[in-house]
Amino acid sequence: MTLRSYLEGAWHTGAGEGVPVADAVTGETVTRVTSEGLDLAAAVAYARRTGLAALGELTFPQRAAALKAAALALQERRQELYELSARAGATRRDAAVDVDGGIGTALVYAGLGRKGLPDHTLIVEDDPVPLGKGGTFAGRHILTTPRGISVQINAFNFPVWGMLEKLAPALLAGLPTIVKPATPTAYIAAHAVRIIEESGALPPGAIQLVAGGVPGLFDLLGGQDHIGFTGSADTAARLRSDPAVTRRSARFNAEADSLNCSVLGPDAVPGQPEFDLFADALVTEMTVKAGQKCTAIRRAFVPASLIDAVSEAVAARLAQVVVGAPDAAGVTMGALVGLQQREDVRAAVARLASAGSIVSGDPDKVEVAGADAERGAFLSPLLLRVDDVARQEPHEVEAFGPVSTLMPYGGIAELGELIARGEGSLAGSVVSSDGDFVRQVVLGAAAHHGRILVLDRDSAGESTGHGIPMPQLVHGGPGRAGGGQEEGGLRAVYAHLQRTALQGGPAFLDSISQ
Ligand code: NAP
């Protein structure tokens, strides 16, 4: 019953009762999570000794091949991950985002590593730059693998994708990984690690997993190590202030929560395709993963003259959503991860509603298909409206569930100010076919965003959607969103490597990669 951790090449059971993790749909206990008594110092030493050495023997394309083999092993057994995901409330559509999205991300990275990195263990980044008139002295940069490890702390909402998008660049960079999944969905991440382990795709020590807390782990980390964190802004702030980061300068990348926005252009009146694209996208973002997506649209800005029409159109679509057990017929939205999460979302909705009103859905009542509405962590999708845009709540409170707030804007200047009040976001979108309007909004909003998606009738067919990060592009955002950058193609691999400037004679600089 107790979830096991994969450390030093074997599965270990923590001591004590542990924390029970409930099935999001039935309330039954799925597993218990504890890391008590596990030897994390030995795990770190094993990663440094065995994992680092094994990965160091592989060139970048060889690591890419190992990553690809791990991803294919997961693909082969993905049904098992879908079934476990359903216990966390995820529908098949939700699991596709997490499981297939994670596998796809790993495969993209494997392709980038095979085609875009040298058949070597170091990267020569640039051509020599002459530093003297006589041509006998020059400089260039190399990237090498730090003599450290990658500790990856993930949020509960994407146990597979969140793990693989961090594992992939770390592995390519040659850093052994210790994964610490979030407790509520650790059993899904642990099963993915079990599949990888049983496939034998990765060299020994390349991946370990701790189920449960990691007390003392940061004391073991220093300047050669990398910490990748995803979760709430509060936890990010706590971990960022650890001496491992502040004194010993472990690299720290944070992906935190954010009040992502979507903007409807004034041209997109009812009857225009962009009006429907906006309403559809908002409903998708509210309902996929029951809105438990760091990139979901929390603030929907629409022209003041269109807010009634948008409100009606979105409410009509939300009325079609069928909430229930992921395996029940017709269900289009599953459960939140647990009852505590539902309480947290209800509390956040109460704060948001104090600034305006709920226009669709009831936080205390929901009709549920195929399950008990109280035992399972079900919640109705909730659309709010705040007309007093000066209020702080809609720009500050993240309700991490199927919740979004409509707000009116007057002109472009006001819109720019409202966007900025999110204080830094992962993803924004602009839905309009007015090129001038789009350009002005994007240029004003770019500094506040890690990614901005523009949607119109021409791009809609191929558009990957507001909420889906692409491995080729940066994921992460400034300010409140954590200030980090993940993915972004090979940029993420480079971020794990040490860049060293070399100075010397041309012969030495040419010989460095031989
Ligand atoms: P959380 O409570 O901050 O937890 C995140 C992770 O940190 C979990 O694995 C948690 O472990 C761990 N943790 C907590 N305290 C720790 C400590 N002292 N030392 C080491 N690890 C510690 O966040 P969450 O509830 O899992 O996730 C929801 C939040 O994540 C939302 O706010 C969402 O916006 C954000 N999020 C952001 C992104 C992104 O890419 N930017 C993606 C997904 C989610 P335990 O579970 O064991 O406590």
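Which residues have the most contacts inside the largest nonpolar core? This is a predicted model, in which local features need pLDDT of at least 70 and side-chain atom pairs count only at pLDDT 80 or more, while totals for chains, interfaces and linings use all residues. Residues are numbered from 1 along each chain as its sequence is written, and side-chain values use heavy atoms, with hydrogens and water left out.

**View 1. The largest nonpolar core has 56 residues.** Leu-67, Leu-74, Leu-202, Leu-209 and Val-493 have the most contacts inside this core, a core being a set of buried Ala, Val, Leu, Ile, Met, Phe, Trp, Tyr and Cys residues joined through side-chain atoms within 4.5 Å. Among the elements that give two or more residues to the core are α2 (60–76), α6 (186–199) and α15 (490–496), helices being DSSP runs of H or I with at least four residues and strands runs of E with at least two, numbered from the N terminus. The largest share, 9 residues, comes from α6.

**View 2. Lys-293 lies in the loop between α9 (273–287) and β14 (299–303).** Lys-293 is buried, with a relative accessible area of 2% (buried means under 20%, exposed over 50%, partly exposed in between, with a 1.4 Å probe and protein chains only). Its side chain makes a polar contact with the side chain of Glu-285 at 2.5 Å (a pair of N or O atoms within 3.5 Å; within protein, one must be able to donate a hydrogen and the other to accept it, and residues adjacent in sequence count only if both atoms are side-chain atoms).

**View 3. Leu-131 is found in the loop between β6 (129–130) and β7 (138–144).** Leu-131 is partly exposed, with a relative accessible area of 46%.
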